[in-house]
Amino acid sequence: MSETARLSRGSIRGHLVTQTVPMMIGVAASSSVGLIDAYFIGRLGPSELAAVSFIFPITIAILSLGVGVMVGINSVIARALGEGDRDRAERRANFGAIFALTIGLIFGVSLHLLLEPLFRLMQAPASLLPLIRDYMEPFALGMPLLLVQMAMTGILRGQGEARFTSYISLTYSIANWILDPLLITGVGGFEGFGVAGAAYATLAGWALGIAVALYLVRHTLLQIHPSLVLKCRMRESAVAIMRVAGPAAFSNAINPIGLSVLTALLASQGEAAVAGFGAAGRLQSFAVVPLLALSGSIGSIVGQNWGANQPDRSRLAMLEAALFCIGYGLAVAVLLYAFGDWFADFFTDDPAVIEQFSSYLAISVWGYAGFGVLIVANGAMNAVDQARYALLQSFARVFLVMLPMGWLLRPFWGAQAIYAAELAANLAGGAFAAFLAWRVLQAAPRTEIPPRTNR
C-alpha cells in the first residue's frame, strides 16, 4: 500500500467526511458569490437580472470546462500516488498547470469573438445585448485565470488536500463579497460599473485564488516549478489528462448547454420567467453545495484506492456517498418547497418574477437526490479513468430526457414544462448514473504503465 496515498488507508466514511466538509465550505463560499451577484444586480433592475439569467448558463458551461481540466488532473495524480509513483504525479501536475493556461487563452479569445452570435442564438432580446456584453467581455478575457485556478485545485485535490482547496475558494469568495457592492452599485460618490462590476470582481477573485494556491502547493508532496515543465513528458501527460479531462469537460458542459436551450425556450414565456428561472437557479446552486462538495471529494478517495488496487474501498465510498445524496436531497427539497416565496423576496419585489421563482422551486427540488447521485457517480467514474461513461449518462439525461420533454410539453404547460423536464432528467439521470458507476467499479483496476522514455 503506497505511503503517498493516505486515502487508501483508514475509514472510508471518515475520509468522506474529512474531505467533504472543507470542500463544503469552499463550494458554499463560491456558490454564495452567485447569490451576492444576483442580489446586487437585482438592485439595478429587472432588465439587468434578466441579462444575467441569459449569461448564467454560459458561465456555467465555461466553469464546466475548468472543472473538466481539474477532474483530469485530479484523476491522474490520485491514481499515480495510489500506485506509489510520486515522480509521475509531479510530472502530471506541472503539465496540468501549463495545459490549463493554454486552454484558457484559446477559449477565452474564441468566446470574446463569438459573444453576440452566441446570445442571439439563445434568443436574447436586442435590448439586453449591451448589458450582456458589459459582463461577458471581461469575463471571457479572464478565462486563463479561471483555468489556472482550477488546475491548481485539481493538483491539491489529487493529493487529498481538501482543506487547502477550501482556502482557495474562500479567497476567491471573500474578494467577491468585498468588491461586488463596490463595483456593481458603487459607494459614496462612486457610481460603480453596473453589471460589468460583477465580472471585474470575479477576475480579481481568480487572481488572488491563484496566488494562494501557488503558496499552498509548496507545502505538499508535489512541487510546481518552471524547471519541472521541461521534464513532464508532454505527450504522455497530455494523453493521460485529456483522456479524463475531455469527456469530463463535455459531461459537465452538457448540463449548462441544456440549461441554455431551456432558457431560450423560456424566453417565449416572457422576461419574468427567464428572470425567475435564473435567480432560482442561483439559489439552487447554493442549496446543493454538500452534493457538489461530495462529488469533488469522492474523486481523490476512489482514485487513490483504485490506484492502490483496493476496488472494494472504492465501491464502498460510492455507496455511502450515494446514500447521503438521497437523504440530503430529500431534506433540502422539503425546506425549499415550504419556503420558496420567502427566498424569492430576497432577489426581487416583482410579483411576476416571484411567481415564476416559486413555481420553479416547487417542481424542481424533488430531483435534488437524483442530481446528487448523478454527480457523485460521475466523480467516481472520472477517478478510475472511465470518463466516457460519465459523458454517456450526462448526454442521455439532457438530450434524451430534459430537452425533448421541455420542447414537447411547453405548448401545453408553458414555463412549468421546462421545470418538470429538469425534474424528470435529474431523477432518470441519477438512476442511470448509479447503475453505470456500480458496473464500472466492479471491474478490476488496471495499473498505468508509463512508456519507456527518459524523464
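Arg88 is buried, at 1% relative accessibility (buried means under 20% relative accessible area, exposed over 50%, partly exposed in between, with a 1.4 Å probe and protein chains only). Salt bridges with shared partners join Arg88, Glu83 and Asp85 into one network. The model is predicted: local features need pLDDT of at least 70, side-chain atom pairs count only at pLDDT 80 or more, and totals for chains, interfaces and linings use all residues. Residues are numbered from 1 along each chain as its sequence is written, and side-chain values use heavy atoms, leaving out hydrogens and water.

**Salt bridges**

- The count is five salt bridges (a side-chain nitrogen of Lys or Arg within 4 Å of a carboxyl oxygen of Asp or Glu).
- Glu83 pairs with Arg88 at 2.9 Å, N to O. Glu83 is partly exposed, with a relative accessible area of 24%.
- Asp85 also forms a salt bridge with Arg88, at 3.0 Å, N to O. Asp85 is partly exposed, at 21% relative accessibility.
- Glu320 meets Arg13 in a salt bridge of 3.0 Å, N to O. Glu320 sits in helix H13 and Arg13 in helix H1 (residues 12-44), so this pair ties together parts 307 residues apart in sequence. Helices (H or I, at least four residues) are DSSP runs, numbered from the N terminus.
- Arg13 is exposed, with a relative accessible area of 54%.

**Largest pocket**

- The largest pocket has a volume of about 720 Å³. Of its 27 lining residues, the closest to its centre are Ala61, Ile62, Phe107, Ala253 and Ile257.
- On a 1 Å grid over the protein atoms alone, a pocket is an open set of points with protein on both sides within 12 Å along at least five of seven lines; a cavity is a set where a 1.4 Å probe fits but cannot get out; lining residues have an atom within 4 Å of a point.
- Points are joined across faces, edges and corners, and a volume is the space filled by probe spheres set on the points.
- Helices H2 (46-82), H3 (86-113), H4 (115-121) and H10 (234-267) each supply at least two lining residues. H10 gives the most, with 11 residues.
- The lining divides into 23 nonpolar, four polar and no charged residues. Ala, Val, Leu, Ile, Met, Phe, Trp, Tyr, Cys and Pro count as nonpolar, Asp, Glu, Lys and Arg as charged, and the others, Gly among them, as polar.

**Cavities**

- The whole structure holds two cavities of 30 Å³ or more.
- The second largest cavity has about 30 Å³ of space. Its lining residues are Leu115, Glu116, Phe119, Leu129, Ile132, Arg133 and Met136.
- Helix H5 (129-141) and H4 each supply at least two residues of that lining. H5 gives the most, with four.
- Five residues of this lining are nonpolar, none polar and two charged.

**Positive phi**

- Most residues other than glycine have a negative phi.
- Asn309 has a positive phi near 60°. Asn309 lies in the loop between helix H12 (289-307) and helix H13 (311-338). Asn309 is exposed, at 54% relative accessibility.
- Asp385 has a positive phi of about 65°. Asp385 lies in the loop between helix H16 (368-383) and helix H17 (387-413). Asp385 is buried, with a relative accessible area of 14%.
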